[in-house]
Amino acid sequence: LRGIGRFLVVVTTMQTNLFLVRHAPVVGQHGRCYGTTDVECDTTDAKAFAGLAAILPGVDALWTITPLSRTKRTADAVWAARQAPPPAYRLVPELIEQCFGDWQGKTYAELGAYGHGDAGATHRHWLTMADIKPEGGESFVEVCARVARGLDAVLETAKGGDVAMVCHGGVIRAALAYALGVSPEAALSISVDTLSVTRLDRFEGPGRGHAWRVGYVNRDPRG
């Protein structure tokens with residue numbers, strides 16, 4: 001409520017709650033860079049999925065996945081833990097993991113990750129610096145730009161509701177960069193474990209744009 005002279009003006013703020021889940025652990029990669037490769041994942045951690053079922057919103061929420069099957073398998077496992085049929089998922093291509101181009105399929109040792117090697121300048125916590133673009137792939141700076149577009153589109157649809165977004169570690173870091181207004185380079189330092197949950201709330205008011213609140217980051221669903 002805001003008072004103006006003798007009049008009382010009601011200022012409404014709309015809150016949209018976003019729950020970002022990193023997919024289940026991948027299998028069969030043995031220290032390889034997989035990026036946008038469609039690989040299998042392990043959904044047998046019953047305690048983790050029971051925790052996700054308790055944390056994440058229900059059937060009335062907008063549930064989104066990416067083109068990579070490990071996100072759908074993870075979402076399906078949450079609903080299996082609830083012993084309930086899943087809702088129709090919304091496929092959001094903009095929220096796919098970073099494409100590493102020619103680096104995909106190579107081991108981190110071959111790429112010289114976290115040290116010095118073919119990848120060139122490397123980041124302390126990530127495969128490479130945010131502005132490095134592998135041949136045939138994309139930089140993390142580019143990932144941040146497309147993730148911001150994807151988030152805006154999803155949140156426009158789900159205004160005032162809940163969103164459960166099953167996606168990827170790089171995407172969640174990019175979402176945090178967008179929400180917090182930090183550089184892509186800084187966002188690469190954020191830990192995002194498999195099956196962890198990150199919560200972001202977006203507030204919007206008429207003529208006031210939007211603002212973000214970070215509820216928690218990298219929450220372990222096992223308690």
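## Basis of the values

The model is predicted, so local features need pLDDT of at least 70 and side-chain atom pairs count only at pLDDT 80 or more, while totals for chains, interfaces and linings use all residues. Residues are numbered from 1 along each chain as its sequence is written, and side-chain values use heavy atoms, with hydrogens and water left out.

Helices (H or I, at least four residues) and strands (E, at least two) are DSSP runs, numbered from the N terminus. A residue is buried under 20% relative accessible area, exposed over 50% and partly exposed in between (1.4 Å probe, protein chains only).

## Helix H1 and its packing

Helix H1 covers residues 46-55. Its buried residues are Ala 48, Phe 49, Gly 51, Leu 52, Ala 53 and Ile 55. They pack against strands S3, S7 and S8 (210-219) and against helix H2 (69-81). Contact here means heavy atoms within 4.5 Å.

The axes of H1 and H2 come within 8 Å and cross at roughly 80°, which makes H1 roughly perpendicular to H2. Axes are lines fitted to C-alpha atoms, for helices over the stretch in contact, and angles run from 0 to 180 degrees between N-to-C directions. Angles under 35 degrees count as roughly parallel, over 145 as roughly antiparallel, 65 to 115 as roughly perpendicular and the rest as oblique. Phe 49, Ala 50, Leu 52 and Ala 53 in H1 meet Thr 74, Ala 77, Val 78 and Ala 81 in H2.

## Salt bridges

Side chains of opposite charge can pair when their charged atoms come close. The whole structure holds 12 salt bridges, each a side-chain nitrogen of Lys or Arg within 4 Å of a carboxyl oxygen of Asp or Glu. One of them joins Glu 40 and Arg 73, at 3.3 Å from N to O. This pair links distant parts of the chain, 33 residues apart: Glu 40 is in the loop between S3 and H1, and Arg 73 is in helix H2. Glu 40 is partly exposed at 45%, and Arg 73 is partly exposed at 31%.

Asp 152, Glu 156, Lys 159, Arg 202 and Glu 204 are linked in a network of salt bridges. Within it, the closest N and O atoms of Glu 156 and Lys 159 are 3.5 Å apart, and those of Lys 159 and Glu 204 are 3.9 Å apart. Lys 159 lies in the loop between helix H4 (140-157) and strand S6 (162-167), whereas Glu 204 is in strand S7, 45 residues apart. Lys 159 is partly exposed, with 38% relative accessibility, but Glu 204 is buried at 16%.

## A nonpolar surface patch

Leu 180, Val 182, Val 214 and Val 217 form a nonpolar patch on the surface, with about 270 Å² of accessible area together. Patches are made of residues with over 30% relative accessible area and no salt bridge; like charges are joined within 9 Å and nonpolar side chains (Val, Leu, Ile, Met, Phe, Trp, Tyr) within 5 Å. Accessible areas come from the Shrake-Rupley method with a 1.4 Å probe; for residues, only the protein chains shown count as cover. Val 214 is in strand S8 and is partly exposed at 32%.

Most residues other than glycine have a negative phi. His 30 has a phi near 50°, and Leu 195 has one of about 70°. His 30 is in the loop between strand S3 (14-22) and H1, and is exposed at 73%. Leu 195 is in the loop between helix H6 (184-187) and strand S7 (197-204), and is buried at 1%.
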